[in-house]
Amino acid sequence: MESDDDTDHKEVGIQQKVKKYETKKSMNLFKKAKKIIPTGASSLMRTSSWDPYPLYIKSGKGTRIWDVDGNEYIDFLMAFGPIINGHANEKINGAVRKFLRNGSLFGAPSELEYKLAKEFKKFVTTQDMVIFALSGSDATFNALRIARAATGKDMILKFEGHYHGLHDYAAVSVEAPPPVSGLRWFPKSLPYSAGIPPEVMDTVVVASWNDLESLTKILKIRGNEIAAIITEPIMANSTVITPEGDYLKAVRELADEYNILLIFDEVITGFRVGPGGAQKLYGVTPDLSTWAKALGNGYPISAISGKKEYMELIGNGVGFGGTYFSSPISLVAANANLKLLEADDFAAYSHLGRITRRLGRGIEEICDNLNENIYVNYETGVLSFVFTDQRKITNYRESVNMDWNKYKGIQHKMLQRGIYYHPDGAERLPPSVAHTDEDVDKFLVAFEESLKEYNREN
Ligand SMILES: Cc1ncc(COP(=O)(O)O)c(C=O)c1O
């Protein structure tokens, strides 16, 4: 075990029978923390939807995590996506530990950065240059700025329900309650938070995703004012929604027609759905891309990559930087992480693909046998299941048409059976390379039991 605390990680085994998991310490910590930390944790997603309180997680190893009360869970949240090679991965942490003898931060260029850029290009062969930052939000914020500088235009087009971080230009129509969200083809730009200047809503145009008619019509009206179209190539923040047919190719063509830069936000999909991200999978090359989560296996690092002509604007008019951008610790971790992912000709991805498929098909099969209406969608490393009567979900407005209470109720029962994931039905499950067939089997047994129990009670 990597952690230096005194946690006793006796392999207690995952419970397949319902056991009353005591979580009093989490409850008490939440009560105390809320008094001095607004909401009790430094990211709203860690506490929201967790009724009546979130679990405070103390440590992890591989696919297992332990809460402060000592309960063990198989983790299917994986820190919302970064932990692609498992918790406390010895190869990654060992490299970091070794480096720490040398210091932590120098405010100087580093050979490690050059090495990581070369590693990055082994994976992402579609992009000319790459530069590193700290978080996914830093990456999307800077990519939008580059696009504005490159085109001399100000407006951004994003899609309803897509999440690109919490900076002002991204925090628009992340959620869009139907009565106030406008027409389906021309959604209203809605602030995701108080405190965003109204001018931002005039600068960010919102379109409906997977819907060429919506994009075409909006570009006819505003296309000449738009600097960038930013999109996740697989929508992974409002359940998992894959692009329909040649949708991404058509978006690429429309962007070219209007001299707009196309930005793929691969913060979730990057290093997860395949070595070259979703852009490789779908054969569509954006002008700029953003990467984070699975790049660092939990160490904070993100990247912006793109065509040379746009990337070279950095330092030629476009400002860029941050004290902690590409810190040596994160560089060491990311280098070690990518080495693991590329071993044996990227074998990690066939394993991850198989694990994800088994999980997806297993959930479908259980629901088929129980005559349960569910829509399961997945691509390697990202999966969602939605309790809905709809046969298919292709965009945000369809994704919210689900039985949220059932999802949450079942998640609660899964916790009682030692399976951990987020209670919000919009969040995806991101299995990791560390997950085994046994982990999947345990998930499926717990899922069937939880679903049956929920249906009996409701
Ligand atoms: C697609 C996408 N882009 C950007 C971000 C923001 O990344 P971060 O939370 O590291 O700022 C996220 C975070 O979940 C994301 O899912």
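**Core, domain contact and a bent helix**

The largest nonpolar core takes in 116 residues, and those with the most contacts inside it are Ala-147, Ala-228, Ile-229, Leu-261, Ile-263 and Ala-303. Such a core is a set of buried Ala, Val, Leu, Ile, Met, Phe, Trp, Tyr and Cys residues joined through C-beta atoms within 7 Å; buried means 20 or more other C-beta atoms within 10 Å of a residue's own, with exposed at 12 or fewer, partly exposed in between, and C-beta atoms placed from the backbone. Helix H10 gives the most to this core, 13 residues, and at least three residues come from each of domain 1 (24-88 + 347-457) and domain 2 (92-340). The model is a predicted one, where local features need pLDDT of at least 70 and side-chain atom pairs count only at pLDDT 80 or more, while totals for chains, interfaces and linings use all residues. Numbering runs from 1 along each chain as its sequence is written.

Setting aside neighbours within four places in sequence, Leu-261 is in contact (C-beta atoms, placed from the backbone, within 7 Å) with Ala-147, Ala-150, Thr-151, Ala-227, Ala-228, Ala-255, Asp-287, Leu-288 and Tyr-310.

As for the two domains (bounds from an automatic or database domain assignment), their C-alpha centres sit 25 Å apart. Their contact takes 27 residues from domain 1 and 33 residues from domain 2. On the domain 1 side, H10 (328-369), E11 (375-379), E12 (382-386) and H11 (396-399) each supply at least two residues; helices (H or I, at least four residues) and strands (E, at least two) are DSSP runs numbered from the N terminus. Strand E12 has the largest share of that side, 4 residues. By type, the side splits into 15 nonpolar, 9 polar and 3 charged residues, where Ala, Val, Leu, Ile, Met, Phe, Trp, Tyr, Cys and Pro count as nonpolar, Asp, Glu, Lys and Arg as charged, and the others, Gly among them, as polar.

Within E12 lies Leu-383, which is buried, with 23 other C-beta atoms within 10 Å. Beyond residues up to four places away in sequence, Leu-383 touches Val-240, Thr-356, Leu-359, Gly-360, Tyr-378, Arg-428, Leu-429 and Pro-431.

Back to H10: the helix bends by about 105 degrees at Asp-344, taken as the angle between axes fitted to the seven residues ending there and the seven starting there. End to end, H10 spans only 51 Å between its end C-alpha atoms, whereas a straight helix of 42 residues would span 62 Å at 1.5 Å a residue (1.5 Å times one less than the number of residues). Just after H10, Asn-371 takes a positive phi of about 55 degrees.

How values were computed: Two residues are in contact if their C-beta atoms, placed from the backbone, lie within 7 Å.
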